[in-house]
Amino acid sequence: MMETHKGAVARLAEDVARFYTRRTPFWIYHGSTNCTRQVSFDRSGIVDTSDLNHVLEIDPKSMVVIAEPNVPMDLLVQTTLKHGFIPPVVPEFPGITVGGAFSGTAGESSSFKYGYFDRTVNSIEIILANGEVTRASQIDEKKDLFNGAAGAFGTLGVLTLLEIQLIPAKTHVALTYIPVGDTKDAIATLKECVVAEKQPFDFVDGIQFSKDLGVVCVGHMTDTCTNTPQTFSGPWDPWFYMHAQSRCSSGSKKIPLTDTIPLQDYLFRYDRGAFWMGKYYPLFPFSFLNNTFSRWFWDSFLHTRVLFQSMHISNRSQKFIIQDLGLPVQKAEEFLDFVKEEWGIYPLWLCPLKIGRDVNFQRVGKEGLGEEMELAINVGVWGPGPEDFGKFVAKNRRLERRLGELGGRKWLYAHTYYTQDEFWQLYDREQYDGLRRKYCAESLPNVYNKVKSTEVEFPRRDLRATWHGLYGHFLGFKVQYLLSGEKQNAE
């Protein structure tokens, strides 16, 4: 397996070197995406890494797994569980790849302990923009390349291999649903759970359902299952956020309710319905999906792999607010008040994260964050936006400006509506450009060019998206929905 990998990397390095010789920029094609930006690639201007999708080795003694960048999270978890391990941080959608999680600095409900996914990666193999294949880690002389590649979205080179840490796994998660009131109560409860010493948790996150009702979900891994397990992966199962709302409504803060959930069902609990965005799927008014039978009947449409594919085909991302935003914990409540007044969007996802002052070029927290790892809150703001596209862009810009004023950061898998000047005030251009010069990456597209909004409205294609998604799912057809043009050699 490793020899096959080396051969594939050698061929990719030759392609990269040809682009470099011509000083021609290229884009990296992975075969699929979990970003919400509207993207399309010309075959003649890409380096195709889509075949780098294998788990190559697991070392139980060292507790590490070696995987290629396009290995999806569900395959990684299935493979490592056979040996009794899981990665410390598992992003919530099964189709997110290890390379995407590393380059996009993904976080999840265990990130209050471990930080972002990239903090759990020991080392990487990367093809530099001149075709040189090299390795970098958190502790060697190329530490700057390692840290830069995490969060640079492929603009420093082509990621080809990752060595990822593992932790011992158990069969289930005991998940407790703690009801909370307003966002002040939610943030205070999250902080209390994160620092809990008497009952240390493996997982902590929260959902704010309305201005006066939310839930904080705390869990720990266990091999004990005394009651019937609660599952979320089957067509008849509830969507997680609906179930969590029901459980917190039935329980109390003094006597919260607890479920025992199979580990994989917990890790990918938000897959069905994509948190709650599945209720906005093309052609399905939410009332249509607001019953168990309809969600069962249309279940194949409503997993994240099909939803992302359909979103790209339909251009529907331009109709929804899709923002993942990180705030210093002491600024989170103020930002949530702004979201309430400006948007009135609910539910909101609240996830505590352990971060440092500078997170992959983005400066986080002008006040209050020290040099050591401290607590921040990830806020997921996802929901319908204004029908008028001009108002849609303007409201996104106001949201991002307020984020910057409060010392926060934005996850760049979605469009950014920052102007170029605004973007580079938050993203450390001096450090970033210095790395691009050092590692011969100046001919590649820079990160702003990759993530900026075109501020151009694309036509919607809802009906085509719906049937294309279903066709691809049932027939196992790998739809090349991100590619355009005829396939050509890189020469």
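Which exposed residues does the face of α1 turned away from its buried side carry? They are Glu 3, Thr 4, Arg 11 and Thr 21, where exposed means over 50% relative accessible area, buried under 20% and partly exposed in between, with a 1.4 Å probe and protein chains only. The model is a predicted one, in which local features need pLDDT of at least 70, side-chain atom pairs count only at pLDDT 80 or more, and totals for chains, interfaces and linings use all residues. Residues are numbered from 1 along each chain as its sequence is written, and side-chain values use heavy atoms, leaving out hydrogens and water.

Helix α1 covers residues 2–21; helices (H or I, at least four residues) and strands (E, at least two) are DSSP runs numbered from the N terminus. On its buried side, α1 holds His 5, Ala 8, Val 9, Leu 12, Ala 13, Val 16 and Phe 19. Seen down the helix axis, these buried residues fall within an arc of 145° (taken from the directions from the axis to the C-beta atoms), so they line one face of α1. Among the elements covering them are β7 (121–128), β8 (133–137) and β9 (157–165). Just after the helix, Arg 23 takes a positive phi of about 55°.

Strand β7 is itself largely enclosed by the rest of the structure, because seven of its eight residues are buried. It runs antiparallel to β9, joined by seven bridges (strands pair if DSSP finds at least two bridges between them), and Val 121 has Ile 164 of β9 as its bridge partner. Five bridges join β7 to β8, also antiparallel, with Ile 124 partnered by Ala 136 of β8. Four residues lie between the strands of the β7 and β8 hairpin, where Gly 131 takes a positive phi near 95°.

Definitions and conventions. The expected span of a helix is 1.5 Å times one less than its number of residues. Contact means heavy atoms within 4.5 Å.
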